[in-house]
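Welcome to this tour! Open your viewer, get your selection tool ready, and follow the stops below.

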Amino acid sequence: MSAASGSITVVTDIDDLVRRVALRAVSDSEDLPEPVDDAQIAEAERQLGFALHPLLARLYREVADGGFGPDYRLLPLHGPGSSVVGEYTTRRETSLGAEHPEWPEGVVPILTWGCAMYAGVDCRSADGRVLLFEPNPYNGGSWEQCWFLDSADLAAWLETWLAGTGWFEEDAFGRDDLAEPQPWDQAASRLHSGAAPDSKAWRVSP
């Protein structure tokens, strides 16, 4: 995975990133859940109807079944209680057939920020873009104004957490270099069609 800036291309070593996330996860929690196995990943993907983004699947398979990450930390993959599969299924069920769908297909909630706000990973994005769902601006009609782009890719989002430079950090307010989530320009089309023109769907193998 890489990100270009002018003539310089920065390549993220995903193996090293997962290792560093695992070290941070162990450091932050004395009671980290066990990672999930391949069968649990496969069952989650069966229920979702699509494959998890590869990096997200690695986090659950190689780090832990949630319980690490920013703020309230990643949700477990399966229930009981609030989980990635459960939250996605519930939100998609209420959106199907609705005049104003709330939740786009392929975006899995991975953690809650509190106050009904969620971080979600777009599994139809090759880089696993990270989105912010913030329902407070909602005043009826379309939900598109409630969707924001937090990070263009999951790897960069994780790097921000590891570096302590995210907008969600306690000391973030007032920082000159703070990058805040911006309105997601694909929100309207994705809420109604479920797929973006430049998307790459991670499909479940038959």
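In what order do the elements of the chain run from the N terminus on? They go β-β-α-α-α-α-β-β-β-β-α-β-α. Keep in mind that you are looking at a predicted model.

**Stop 1: the whole chain**

The secondary structure comes to six helices and seven strands. Of the 206 residues, 44% count as buried.

**Stop 2**

Strands of a sheet pair through backbone hydrogen bonds, either parallel or antiparallel.

**Stop 3**

Zoom in on residues 117–122, which form strand 4. How many of its six residues are buried? Six of the six are, so you will find this strand mostly covered. In a regular strand the side chains alternate between the two faces of the sheet. Here, Met117, Ala119 and Val121 point one way, while Tyr118, Gly120 and Asp122 point the other way.

Now show the partner strands. Strand 3 (residues 107–114) pairs with strand 4 in the antiparallel sense over six bridges, and Leu111 stands opposite Ala119. These two strands form a hairpin with two residues between them. Click on Cys115 in the turn: this residue has a positive phi of about 55°.

Strand 5 (residues 130–133) is joined to strand 4 by four bridges, and the two run antiparallel. Look for Phe133 in strand 5, the bridge partner of Tyr118.

**Stop 2: aromatic rings**

Stay with Phe133 and display the aromatic side chains. The structure holds 12 aromatic pairs. In one of them, the ring centres of Trp103 and Phe133 are 5.3 Å apart and the planes are at 65°, so the pair is edge-to-face. This pair links distant parts of the chain: Trp103 is in the loop between helix 4 and strand 3, Phe133 is in strand 5, and they are 30 residues apart. Are these two buried or exposed? Trp103 is buried at 0% relative accessible area, and Phe133 is buried at 1%.

Then select Trp113 and Phe168. Their ring centres lie 5.1 Å apart with planes at 25°, so this pair is stacked. Trp113 lies in strand 3 and Phe168 in the loop between helix 5 (154–163) and strand 7, so the pair ties together parts that are 55 residues apart in sequence. Trp113 is buried at 9% relative accessible area, and Phe168 is buried at 14%.

To see one aromatic cluster, select Trp103, Tyr118, Phe133, Tyr138, Trp143, Trp147 and Trp184 together.

**Stop 3: Asp150**

Finally, move to strand 6 (residues 147–151) and find Asp150. Why does Asp150 count as buried? Its relative accessible area is 16%, and buried means under 20%.

How values were computed. Residues are numbered from 1 along each chain as its sequence is written. This is a predicted model: local features need pLDDT of at least 70, side-chain atom pairs count only at pLDDT 80 or more; totals for chains, interfaces and linings use all residues. Side-chain values use heavy atoms; hydrogens and water are left out. Buried means under 20% relative accessible area, exposed over 50%, partly exposed in between (1.4 Å probe, protein chains only). Two strands pair if DSSP finds at least two bridges between them. Rings of Phe, Tyr and Trp (its six-membered ring) pair if their centres lie within 6.5 Å; planes under 30 degrees apart count as stacked, over 60 as edge-to-face and the rest as tilted.
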